[in-house]
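Let's take a friendly walk through a protein model and look at a few of its charged side chains. Have the structure open beside you as you read.

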Amino acid sequence: MRALGNFASLLHNENIKVYSRIRTWVMLALLVLLGIALPVLFYTASDVGNRPGRWESFEMTMSVLFFLNSIFTVIIASDMVAGEFSWGTIKLLLIRPWSRSKILLSKYLSVVLFSLLTTVLLAVFALGTSFLLFKTGDITRYTKGDWTPATYMLTSIACSYVQLFITAALAFMVSSVFRASGLSIGLSLFLIFANGIIIAIFNPDHYSWAKYLLFNHLDLQMYMNSSTGPGGVTIGFSAAVLAVYYLVFMLISWLVFSKRDVAA
């Protein structure tokens, strides 16, 4: 219990570092304001007879703003380790009575908690505003079989969060290995925005080996309308590929951080 309490204190300390910076609150405020503003825009920019339904408004808001949510999470993840080296505080951190593994874990969990907070905030305000402004409307497009609009949207958000989760893990790894937040942010944003182009070039339907590439498995929403993905892969195969990449990212982060010499 004492060890758990010590780790909780370490995790609390890392969260203080995240939320004591003005940029973090600016990110949170932007997600809240835009989560409210987009449904309002959909409401005011359309005629009474052509306004979207509440679930459609919610879906459009989430699809637009989840990219921003991913970018904000990547920024936090990219700075968790690299920032310590940039600020010159890494030595002060490592001389404390905590192992490097616990320090790295606390930093990573802080990133995960931030990503969960931003996702929940965005969903709550987008859904609340959409339900306040719009009537039920036509929701046929967002149902599949016996799914309700709520379960459909929860599944869609979960799939989007998986992509965010893996991208943040990549950003965290690059931050740990290269100690460069700029490189980490740039590489992660490239993964987010160029994913579609990379999939088109390295399509498993044309190259069988491409089904093992990370890019072809990030968008799990493709399984919401089909039982198979590119190259005939299943959701189980995609989940296994993502799990392997995730474990590799975490292993590299741990190995490099635990062995890095910071004496110089």
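Predicted model: local features only at pLDDT ≥ 70, side-chain atom pairs only at ≥ 80, totals over all residues.

## Starting with Asp79

Asp79 is buried, having a relative accessible area of 12%; here buried means under 20% relative accessible area, exposed over 50% and partly exposed in between (1.4 Å probe, protein chains only). You can find Asp79 in helix α3, which covers residues 54-80. Helices (H or I, at least four residues) and strands (E, at least two) are DSSP runs, numbered from the N terminus.

Which residue does the side chain of Asp79 meet in a salt bridge? The partner is Arg23, at 3.0 Å from N to O. Arg23 lies in helix α2 and Asp79 in helix α3, so this pair ties together parts that are 56 residues apart in sequence. Arg23 counts as partly exposed, at 28% relative accessibility. For a salt bridge, a side-chain nitrogen of Lys or Arg must be within 4 Å of a carboxyl oxygen of Asp or Glu.

Residues are numbered from 1 along each chain as its sequence is written, and side-chain values use heavy atoms, with hydrogens and water left out.

The pLDDT is the predictor's confidence in each residue, from 0 to 100. The protein averages 85, and 86% of the residues score at least 70.

## A network around Glu14

The structure holds 4 salt bridges. Glu14, Lys17 and Lys107 are linked in a network of them. Glu14 and Lys17 meet at 3.4 Å, N to O. Both sit in helix α1 (residues 2-19), and because they are 3 residues apart, about one helical turn separates them.

Glu14 also forms a salt bridge with Lys107, where the closest N and O atoms are 3.0 Å apart. This pair links distant parts of the chain: Lys107 is in helix α6 (residues 100-133) and Glu14 in helix α1, 93 residues apart. Are these two residues buried or exposed? Both Lys107 and Glu14 are buried, with Glu14 at 0% relative accessibility. Lys17, by contrast, is partly exposed at 27%.

## A look at Leu154

Leu154 belongs to helix α7 (residues 149-178). Its relative accessible area is 59%, so Leu154 is exposed. From C-alpha to C-alpha, Leu154 is 9.7 Å from Ala123, and the two are 31 residues apart in sequence.
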